[in-house]
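Dear colleague,

Please find below the sequence and the structure that I am handing over to you.

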Amino acid sequence: MNRPYVICHMLTSVDGKIDGGYMSAPECAEAFAEYASLRKTFDCSATLYGTTTMLGGYSDGLAENIPRCENKIPREDFIAPNDEKNYIVSVDPKGVLGFNSGYIEKKNRPRAHVIEVLLETVSDDYLGYLRNVGVSYIFAGNDSLNCGFMLEKLYRSFGIERLLAAGGGLMNWSLVQDNLVDELSIVIAPAADGNSAAASIFEKADFLPERKPAVFQIKDVRKIGDTVHLQYTVKR
Ligand SMILES: NC(=O)c1ccc[n+]([C@@H]2O[C@H](COP(=O)([O-])OP(=O)(O)OC[C@H]3O[C@@H](n4cnc5c(N)ncnc54)[C@H](OP(=O)(O)O)[C@@H]3O)[C@@H](O)[C@H]2O)c1
């Protein structure tokens, strides 16, 4: 399959949680710094996020009160004019996220062009809205997401050769269970908060079938103060 090399990079508590109160402990600052500096070393031209993660920190909220589109828009991929070779891939199957422009610029991060990953069931209104704000979009399935198809399109249409999958847990598992992750990078912060409701690094969505467990092979282990960095390859 012609697809990007995929590295899943996450920061967790000692009990594998990717969100929660533990993150505000001052003792986690070292882990956050390590997580951020590692991101730059992976040489990836795109970062992929699930809908919840996008909404939590990257999109401009939800798309609300979007104008009606009178025309039927064909379900064909759309590449908006853009001047970046750095991308944020936003998996938004139902087409709910809002954007003020086709670019996302975050502190200490390179400017990135947004590629929305959609199902063909999204409305014409939403497609018209994305075209108007200058967000690119690709279709990755009719009524369910095909992650392999999505990666092939990212490779073919945008030339993405290395992709960082950076959450959340549902999106990470969708990729891992389809054998589409090559490396796993986990920064473990020296804290926990016992919140069983917080998302874990991998979360199987109810609508996905049970698959055999994923198995990993250790590539490197590093200790940075009280923080640990684990690197695995995924065993096929
Ligand atoms: N510690 C870290 O390094 C780190 C990094 C990133 C995020 N996070 C945290 O992770 C949490 C979010 O994780 P999450 O697992 O709840 O959410 P997520 O993976 O960000 O997004 C989940 C949503 O993405 C869509 N989705 C994912 N896989 C899909 C599939 N196979 N088919 C169709 N849709 C799919 C679904 O959207 P619909 O329900 O709309 O269909 C699903 O509800 C946030 O709290 C965030 O702060 C932590």
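Domain bounds here come from an automatic or database domain assignment. The model is predicted, so that local features need pLDDT of at least 70 and side-chain atom pairs count only at pLDDT 80 or more, while totals for chains, interfaces and linings use all residues. Residues are numbered from 1 along each chain as its sequence is written.

The assignment gives domain 1 (1-44 + 167-236) and domain 2 (46-160), and their centres, taken over C-alpha atoms, are separated by 24 Å. To the contact between them (C-beta atoms, placed from the backbone, within 7 Å), domain 1 contributes 13 residues and domain 2 contributes 17 residues.

Around the ligand there are 24 residues (C-beta atom, placed from the backbone, within 6 Å), of which Gly50, Thr52, Gly167, Gly168 and Ser174 come nearest. Each of the two domains, domain 1 and domain 2, supplies at least three residues of this shell.

Turning to the strands (DSSP runs of E, at least two residues, numbered from the N terminus), β10 (residues 227-235) runs antiparallel to β8 (residues 183-188), to which 6 bridges join it, and 9 bridges join β10 to β9 (residues 215-224), again in antiparallel fashion; strands count as paired if DSSP finds at least two bridges between them. Leu230 of β10 is the bridge partner of Ile186 and also of Val221. Between β9 and β10, which form a hairpin, lie 2 residues, and Gly225 in the turn has a positive phi of about 60 degrees.

How values were computed:
Two residues are in contact if their C-beta atoms, placed from the backbone, lie within 7 Å. Helices (H or I, at least four residues) and strands (E, at least two) are DSSP runs, numbered from the N terminus.
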